[in-house]
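Please keep the sequence and the 3D view open as you read.

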Amino acid sequence: MKLAFEAEDAIIGIACGLLLLGLTGRFFSLKLNDWAYVIAFIALIISIFLDVINEFSDLSTHFGLIMLALLHNLVDLAISLAFISHFTKWNIPYITQYLVPYLHNESIVAGIGIFLVVSNAIWLLTMPFWY
């Protein structure tokens with residue numbers, strides 16, 4: 001079950017990573033309103049949930065690939081919740097307490113942005129070889 005196509009979660013993840021890289025100003029500068037980042041990460045969370053549903057509805061691929069995809073989705077979900085908590089100042093149990101303090105370091109935010117871009121690009125590039 002996906003909204004439009006198979007790789008939408010990877011494309012949204014890359015877009016969120018590029019937004020974070022623009023926020024830090026490491027490679028390019030793109031500072032938007034905090035709610036733009038919140039909306040982007042909410043879209044990522046929606047696509048993550050749809051991807052998890054899709055993974056469980058189609059168990060025909062390799063078990064290790066499914067587990068790796070679920071682990072990647074879990075990491076993306078934690079990152080998304082941390083940034084939503086950071087930008088909105090909402091208290092999300094465990095996330096706000098343990099992850100949000102790291103987001104005050106620009107190097108960590110840039111690293112998370114790079115992680116989102118690279119890891120989702122790898123999923124996007126390897127997707128044709130899964131079937």
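The report below goes through helix packing, then aromatic pairs, then a few loop residues.

This is a predicted model, in which local features need pLDDT of at least 70 and side-chain atom pairs count only at pLDDT 80 or more, while totals for chains, interfaces and linings use all residues. Residues are numbered from 1 along each chain as its sequence is written, and side-chain values use heavy atoms, with hydrogens and water left out.

**Helix packing**

Two packed helices are described by the angle between their axes and the distance between the axes. Here, axes are lines fitted to C-alpha atoms, for helices over the stretch in contact, and angles run from 0 to 180 degrees between N-to-C directions. Helices (H or I, at least four residues) are DSSP runs, numbered from the N terminus, as are strands (E, at least two).

| Helix pair | Angle between axes | Distance between axes |
|---|---|---|
| α1 (residues 8-24) and α2 (residues 34-57) | roughly 155 degrees | within 9 Å |
| α2 and α3 | about 155 degrees | 9 Å |
| α1 and α5 (residues 106-126) | about 155 degrees | 8 Å |

Let us begin with α1 and α2, which are roughly antiparallel to each other. Angles under 35 degrees count as roughly parallel, over 145 as roughly antiparallel, 65 to 115 as roughly perpendicular and the rest as oblique. The α1 and α2 crossing is left-handed, a term for a near helix turned anticlockwise from the far one by less than a right angle, with clockwise giving right-handed. Contact means heavy atoms within 4.5 Å. On the α1 side, the residues that meet α2 are E8, D9, I12, G13, C16, L19, L20 and L23, and their partners in α2 are Y37, A40, F41, A43, L44, S47, L50 and D51. The residues of this α1 and α2 contact comprise eleven nonpolar, two polar and three charged. In this scheme Ala, Val, Leu, Ile, Met, Phe, Trp, Tyr, Cys and Pro count as nonpolar, Asp, Glu, Lys and Arg as charged, and the others, Gly among them, as polar.

Next come α2 and α3, with axes 9 Å apart at an angle of about 155 degrees. That arrangement makes α2 roughly antiparallel to α3. The crossing of α2 and α3 is left-handed, and their contact has 20 nonpolar, three polar and four charged residues.

What is the handedness of the crossing of α1 and α5? The crossing of these two helices is left-handed. The two are also roughly antiparallel to each other. Among the α1 residues that meet α5 are A10, I14, G17, L18, L21 and T24, while the α5 side includes V109, G113, V117, N120 and L124. By class, the contact of α1 with α5 has 15 nonpolar, five polar and two charged residues.

**Aromatic pairs**

A pair of aromatic rings is described by the distance of the centres and the angle of the planes. Rings of Phe, Tyr and Trp (its six-membered ring) pair if their centres lie within 6.5 Å; planes under 30 degrees apart count as stacked, over 60 as edge-to-face and the rest as tilted. The count by this rule is five aromatic pairs. One of them joins W35 and W90 edge-to-face, at 6.2 Å centre to centre and 70 degrees between the planes. This pair links distant parts of the chain, with W35 in helix α2 and W90 in the loop between α3 (63-88) and α4 (95-98), 55 residues apart. W35 is partly exposed at 47% relative accessible area, and W90 is partly exposed at 49%. Buried means under 20% relative accessible area, exposed over 50%, and partly exposed in between (1.4 Å probe, protein chains only).

The F41 and F83 rings have centres 5.2 Å apart and planes at 10 degrees, so this pair is stacked. F41 belongs to helix α2 and F83 to helix α3, so the pair ties together parts 42 residues apart in sequence. F41 is buried at 1% relative accessibility, and F83 is buried with a relative accessible area of 1%. Y37, F41, F83 and F87 form one aromatic cluster.

**Loop residues**

K89 is in the loop between α3 and α4. Its phi is near 65 degrees, a positive value in a residue other than glycine, and K89 is exposed at 65% relative accessible area. Y94 lies in the loop between α3 and α4, has phi near 70 degrees and is exposed at 61%.

L32 is found in the loop between α1 and α2 and is partly exposed at 38% relative accessibility. Not counting residues up to four places away in sequence, L32 touches L19 and Y37.
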